[in-house]
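Me: I'm new to this one. Could you walk me through how to read it, feature by feature?

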Amino acid sequence: MMIKSIKILLCGFFLLTGTAGIYAQPPSWIVPAALRFVSNPDDFFYNLHLDNVDYSPSRPDKRVELRTNFLPTTLPLTWLNLNGKVRMLGDGGLSPWVPQVDLTGAYGRIIMLDILPSLMDDEDDDAPEPSMTNYSLGMTLAKSVSRETSLFAGFHHSVVSLDIVLPESDIIEITDDVTLEELVIRRKDNILITGISNATGENRMITAYLGYGFNYNKIFSRIAWKRKHLEMGFNIYPEGLLVVHPFLGWRWNF
Amino acid sequence: MEFLKMIKKTISSVLFVCFLIVLQTGALELAPYYNYQLGQGVSVSPDGDWGFMANLSNEIGVIARPIDDHSIMGYYSLSYQGPGLKQQEGRDFRERYLNHVFVGRHHWHMRDMTLKTQFSVMMERRRAGTNESWESGLYNFNRYGGSTTMERELLGIDSAVTVGYHYVTFPNYSDLLAEIRAGADASGTEGTQNNHSIRLAYSADISGARFGISLNPLFYTRQKVAVDKVQKDGSFYSDTLQRDMVINAYGRGAVMLTNRIVSEPGAEITFRSSNQNYQHFEFLSSTAPMSFHENFFNYIEPSLTMPVSTYIGRDWTFFLSPRLSWRLYSSREPRDKDGKFIKGERQNRTLFVNTAGFRKQTGESSATSLFFTYQTQSSNMEFERYLPYNYSGFSMGLRFQMEY
């Protein structure tokens, strides 16, 4: 069934590229971009994972924040996600210089990949079971430095993982003792975040942060405009396949 | 991995110091500092290719005053410069840079002088494409060192005298071609770019203008000087180690042209001299040099800047920042299109860069700029197989800044 899926994908690919070729030459950036994706596929998925997660602190007047990202993950990739922040310590709670402390976590998975095997299954053959998940765990410290401005820093462990479990009929026997039953692309990184938030009005805020991933020397950034519930902005991945990812999210504070 | 360990250790040390400071908070005055900058746009390279351009920088620091007259500052900066037009000669436009800088500084305010002492670590990583590893850049370097500046009135002039030392290492550097030519083993050229760098500087404030001069000798630890005769070991390198000297002098000052227009014209001149020479090989695989060039790296580089800011209303600023510089090599001959040296001429280069744009203050701590940069360089160097010497290009985009 895996071979069947690959055949369908390849047919689709050649159909699309062939049809496109009849009418127009593909743009010149397509080939370099495709090569960059092939040489480093995990980086692209990791960037989408970073789109899902917001590393800025929660609102200082609320204890819990839940957030989900719509674009570019839930839509169009069906990558459902939830980002939670819990304020453990308030800004200046114990001593004037003790910062706000948030524990944060995020989880997401691509639903379409979960239902794909059931769509592909037939009586004779089982389909491979792919799944794509992401999670993040960490802590954020925030300190207000004026009535409108606060600075923050955080440390987070972030993981994105693509697993393909092969059906029993497609398990590949490499030797008598060694079999290939599962393909896993997993990228883990520890991220340091530093940033700034500026309140521009009631329930309005601009946030900017820069992140650095230790394991891959990865640098990325986010600029977000936040309303009471709506969040929008850009993620910047200077070395990414797509440098700018616009995003749209929604949050609830309790 | 060494780099990673080094960063982790340094950050851990900084966090530990911050933690200790937080424990002592009751007795301390603390002032944080943060600056975030994102530049995003497109640049058009000399061959007409458009490319995305992204520059990011992030600075975070804290100033503490543990005792009267003493202040301590901890500072960390992370910056990324992406591909685009480069102003420094010899830089590949595809190259991108990642810098970590850690600084610890102490200020001691005495009755009639201030003593500023700082220690710093800088780690720069370079690569020419995303398919390369940051860890394997040939010119990756680490710089460790410090400096002390004394600020006081000397002969009635507000003056600053600085003495500094840095050790610069290039952990990946090796020159394989030189090794092949010399018949040396693989370790023959490793570490040959490592150097001890000393800095002596004097600057003065005179009627609101700043003038300064600095001497910066560099002592290479392993790089030997090329000579025109084969030595006893079969190479073209003598026993003398390379020494460079960079002398820089500048002057600049702010001028209020009207109550809305401010300019800060400046002039600068840099002299670079080195005892290093250049052996020219016709092909990469040649083992016998075609020609020998003495004082190949010596040059003079004067430059002029004339930034002008015009304040429009309360939040808007129009800025214009032209810079013109010349580099005149004292002995280096330029090369024609085929790579042959042109006898009797001296290589030179003229670079003009002008950035213009609007800046809007969008909040208490945020600002956005729309900028356009035009850059043109001309040179009598016509051999451009590896690096461009005659080109024009531009970049444009948005720059977003948040600062506290």
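Reply: B:Ser207 is exposed, as 6 other C-beta atoms lie within 10 Å. The cut-offs: buried is 20 or more other C-beta atoms within 10 Å of a residue's own, exposed is 12 or fewer, partly exposed is in between, and C-beta atoms are placed from the backbone. Keep in mind that this is a predicted model, where local features need pLDDT of at least 70, side-chain atom pairs count only at pLDDT 80 or more, and totals for chains, interfaces and linings use all residues. Residues are numbered from 1 along each chain as its sequence is written, while chains are lettered from A and ligands numbered from 1 in the order in which they are written.

Me: Where is B:Ser207, and what is its phi?

Reply: As a rule, most residues other than glycine have a negative phi, and most peptide bonds are trans. Here, B:Ser207 has a positive phi near 50°. You'll find B:Ser207 in the loop between β8 (195–206) and β9 (209–226) of chain B. Helices (H or I, at least four residues) and strands (E, at least two) are DSSP runs, numbered from the N terminus.

Me: Is A:Thr78 buried or partly exposed?

Reply: A:Thr78 is partly exposed, because it has 14 C-beta neighbours inside 10 Å. Its phi is positive too, about 60°, and A:Thr78 sits in the loop between α4 and β2 (79–89) of chain A.

Me: Which peptide bonds are cis?

Reply: One runs from A:Leu71 to A:Pro72, with omega near 0°; A:Pro72 is in the loop between β1 (64–71) and α4 (74–77) of chain A. Another joins A:Leu75 and A:Pro76, with omega about 10°, and A:Pro76 lies in helix α4 of chain A.

Me: How many strands does chain B have, and how does β1(B) pair?

Reply: Chain B has 21 strands, plus two helices. Two strands pair if DSSP finds at least two bridges between them. β1 (residues 29–44) of chain B pairs with β2 (residues 50–67) of chain B, antiparallel, over 16 bridges; for instance, B:Pro32 has B:Val62 as its bridge partner. β1(B) also pairs with β21 (residues 391–403) of chain B, antiparallel, over ten bridges, and there B:Tyr36 partners B:Met402.

Me: How many residues does the contact take from each chain?

Reply: Two residues are in contact if their C-beta atoms, placed from the backbone, lie within 7 Å. The contact takes 31 residues from chain B and 27 residues from chain A. On the chain B side, β1(B) gives the most, with six residues.
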